[in-house]
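Let's take a friendly walk through a protein structure, one piece at a time. Keep the 3D view open as you read.

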Amino acid sequence: MTRAAVLRGIGSYLPSRAVSNQELSEQLDTSDAWIRTRTGIGQRFVVQPGESTSDLAVHAGRAALNAAGLDDVAAVIVATATPDYSCPATAPAVAARLGLDGVGAFDVGAVCSGFIYALAVAHGLVTGGVADSVLVIGADCFSTITDPTDRTTRAIFGDGAGAMVLTAGQRDEPGAMLGFELGSDGSREDLIIVPGGGARQRSGTRVEDVAPYFAMQGKAVFMQAVVNMAKSCQAVLDQLGWRPDQVDHLVPHQANSRILAATADQLGLPLDRVVSNIAEVGNTVAASVPLALHDAQRAGRLRPGQRVLLTAFGGGLTWGAAALTWPHPAAGQRNS
Amino acid sequence: MHTDELITTLLHDKFGVPREELAPEQTFEDLGLDSLILVELSLVLTKQLGVPLADDELYPELTLADTAQLLADKQARAGV
């Protein structure tokens, strides 16, 4: 029997303020019809003034711990591209506010691929014997970095957080993380980027030329996302000896409903196997995968033992896939 | 299947373009296909033909006839 990191509980959190397509169309040259046909998004949630990533992460983390019936974990990982501060990382403050005194805590930066990357790291910590239990949180508030006048990014991105608790168990248990594939292409760092606010700008001379807002090249990203998510999924399927038709649920990063459909098509998976909640929450970056999973769980869609394939693509460029079987509900779970 | 037949079949079956609109001299723009659809079409064509199409090779002003020729040329160069 082989040691594995096993999913024990999942939780999520959305800030309270919903922004509809209608509201955006009153501020910007856009429409509900345009946003829905191009992205599949109907609304997104945004943080209140002063609310930040750690706040979302703490709520989601608390929900995941309650779902797992645990008060304690040995490590906390926060995947984010919008940390509270550029220094220090967000995870130590999140751990402290969750009452997790003294545990290892760090951030993982892989933008929209962040949660998959963080799961791979958690798997490594558990199977390597560094930590018996890990709280993995994906949290982002891109509403704080998008250009208020950019109708495309304001339509796409939403704020939120999702979290999972993983603890040591065995590979043949329902809930075990079974396989991972991670990839990157740093030669295209320009495709998904916040050019300003970092060391590159600060060390340069023409500070005023560098934009402080998030920028993305949609068409190039679309194609790269579909190709690389499909490739990394296929690599994990090959690792595990699964055929595409044996995947019960595909949970891609919720970038755009058309990317989800195109990815399923590339893999030869029917669209009804794809888990999607993008219409309700938009693209929540590192929170996207756990938010979609938690949503599917609450809808009663996921059954113990079912094969679940996660995949994501994001800035870096980065991408990855991970596979697990869905767990039984934790015996000691508490209501959040 | 010839590339022109493949294009019209895909545009009809996958992207819902009515058959009567699928004439060789029609451009993608004439058919009301946005830039994201062109990327989606490129992905499907790449998969079906086994020859890579970059994200900017299909553009709105391209006619269906030109596209068929472009794909046939790519296939010939790839020895497919």
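## A valine on the inside

Let's begin with one residue: V94(A) sits in helix 4 of chain A, which covers residues 91-97. Keep in mind throughout that this is a predicted model.

Is V94(A) buried or exposed? Count the other C-beta atoms within 10 Å of V94(A) and you get 31. A residue needs 20 or more to be called buried, so V94(A) is buried.

Which residues does V94(A) touch, once its neighbours within four places in sequence are set aside? They are S54(A), A57(A), V58(A), G61(A), V76(A), V78(A) and I137(A).

## Chain A as a whole

Now zoom out. Chain A contains 11 helices and 13 strands, and its C-alpha trace spans about 55 × 45 × 40 Å along its principal axes. For 336 residues, a compact globule would have a radius of gyration near 20 Å, and the 19 Å of chain A agrees with that.

Of the 336 residues in chain A, 52% count as buried. Take the contacts in chain A between residues at least 6 apart in sequence: 79% of them join residues at least 24 apart.

## Helix 8 and its end

Next, follow helix 8 of chain A. Its 23 residues reach 33 Å from the first C-alpha to the last, close to the 33 Å expected at 1.5 Å a residue. Just after helix 8 of chain A comes G241(A), with a positive phi of about 70 degrees.

## Where the two chains meet

How many residues of chain A are in contact with chain B? There are 10, and they touch nine residues of chain B. Two elements of chain A give two or more residues each to this side: helix 8 (218-240) and helix 9 (257-267). The largest share, five residues, comes from helix 8. By class, this side of chain A has five nonpolar, one polar and four charged residues.

Helix 9 of chain A contributes R258(A), A262(A), D265(A) and Q266(A), while helix 2 of chain B contributes L36(B), E40(B), L43(B), V44(B) and K47(B). Together, the residues of this contact divide into four nonpolar, one polar and four charged.

Conventions:
Residues numbered from 1 in each chain as written. Chains lettered and ligands numbered in written order. Predicted model: local features only at pLDDT ≥ 70, side-chain atom pairs only at ≥ 80, totals over all residues. Contact = placed C-beta atoms within 7 Å. Helix = DSSP H or I, 4+ residues; strand = E, 2+ residues; numbered from the N terminus. Nonpolar A, V, L, I, M, F, W, Y, C, P; charged D, E, K, R; others polar. Buried ≥ 20, exposed ≤ 12 C-beta atoms within 10 Å, placed from the backbone. Expected span 1.5 Å × (residues − 1). Rg over C-alpha atoms; globule rule 2.2 N^0.38 Å.
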